[in-house]
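Me: Can we go through this model together? I'd like to talk about salt bridges and overall shape.

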Amino acid sequence: MQLFDESVSPKTAEQKQAILDKVRMPEDWKSALADELTSDNMDKLRAFLKQEYQAGKTIYPPAPLMFNAFDLTPLSKVKVVILGQDPYHGPGQAMGLAFSVPKTIPKPPSLNNVLKEMADDIGTQYSAHGDLTHWAKQGVLLLNTSLSVEAHQANSHQNKGWEQFTDAVIEVVNQQTDHTVFILWGSKAKSKGKFIDTDRHLILTAVHPSPLGANRGGFFGTKPFSKTNDYLMQHGKGAIDWQLPQ
């Protein structure tokens, strides 16, 4: 995605196409999201991000990884959506995939809880790392509701435009796929459920896997991984191999 262009709201097809030509994401996503990518909302978001960079602020994930979830999971391959909140805000953690961290980075507590539930649910080996790229490549869209954050400032890019963009993403998946599983953890993720047609898709909800939420109950034992695979197989889709390569 071109993040540094302060273009005005496009008024012509040519202006819209000029913006889309600068967006780096799979063509099926770009086509489906064209209206949102060329909207006033995204113009304002690009201007905000440019201002933040020019002010010398550190933004996570690095700009080339902000659309990593889309790069690894084209729309045509989406079978599951796992929705997070905003990216990790510590050095080296955020990689553009909700809940995921690079293999060399210690697993954050929320991700530890996700992997513990996975091991308990389907009997996989507890993973030594937290890189979820293996899921993304199989059709698991690891989407945060906000796709950027200032270093060490949780939720700092809320209400800057990302929420409208990710609402559009959910709506596209809802309309253009069938029998997709939406895994919504926490109140912010659950709020996206209003965009999802439950006659066509499966929604699985639970409290957020953060220690504060999970330890109060309502996350462990919810078995989202086995329920997802059962649903996918019932509808003629291949199961996800959740076991992360060690």
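**Salt bridges and fold**

Reply: Start with K30, which is buried, with a relative accessible area of 11% (buried is under 20%, exposed over 50%, partly exposed in between; 1.4 Å probe, protein chains only). This is a predicted model, where local features need pLDDT of at least 70, side-chain atom pairs count only at pLDDT 80 or more, and totals for chains, interfaces and linings use all residues. Residues are numbered from 1 along each chain as its sequence is written, and side-chain values use heavy atoms, with hydrogens and water left out.

Me: Which side chain meets K30 in a salt bridge?

Reply: That of E27, at 3.6 Å, N to O. A salt bridge here is a side-chain nitrogen of Lys or Arg within 4 Å of a carboxyl oxygen of Asp or Glu.

Me: Where do E27 and K30 lie?

Reply: Both are in helix α2 (residues 27-32), 3 residues apart, about one turn of the helix. Helices (H or I, at least four residues) and strands (E, at least two) are DSSP runs, numbered from the N terminus.

Me: Is E27 buried or exposed?

Reply: Exposed, at 57% relative accessible area.

Me: How many salt bridges does the structure hold?

Reply: There are 7. One of them pairs E52 with K57 at 3.2 Å, N to O. E52 is buried at 8% relative accessible area, while K57 is partly exposed at 33%.

Me: What about K192, which partner does that one have?

Reply: D167, with the closest N and O atoms 2.3 Å apart. K192 sits in the loop between α9 (187-190) and β6 (202-206), and D167 in helix α8 (residues 162-176), so the pair ties together parts 25 residues apart in sequence. K192 counts as buried, at 4% relative accessibility. D167 is partly exposed, at 22%.

Me: Which residues are joined into one network?

Reply: E52, K57 and E150, through salt bridges that share partners.

Me: Switching topic. How many helices and strands are in the protein?

Reply: It has 11 helices and 6 strands.

Me: What radius of gyration does the protein have?

Reply: 18 Å, which agrees with the value near 18 Å for a compact globule of 246 residues. The radius is taken over C-alpha atoms, and the globule rule is 2.2 Å times the number of residues to the power 0.38. The C-alpha atoms fill a box of roughly 50 × 40 × 30 Å along the principal axes.

Me: What share of the residues is buried?

Reply: Buried residues make up 54% of the 246.
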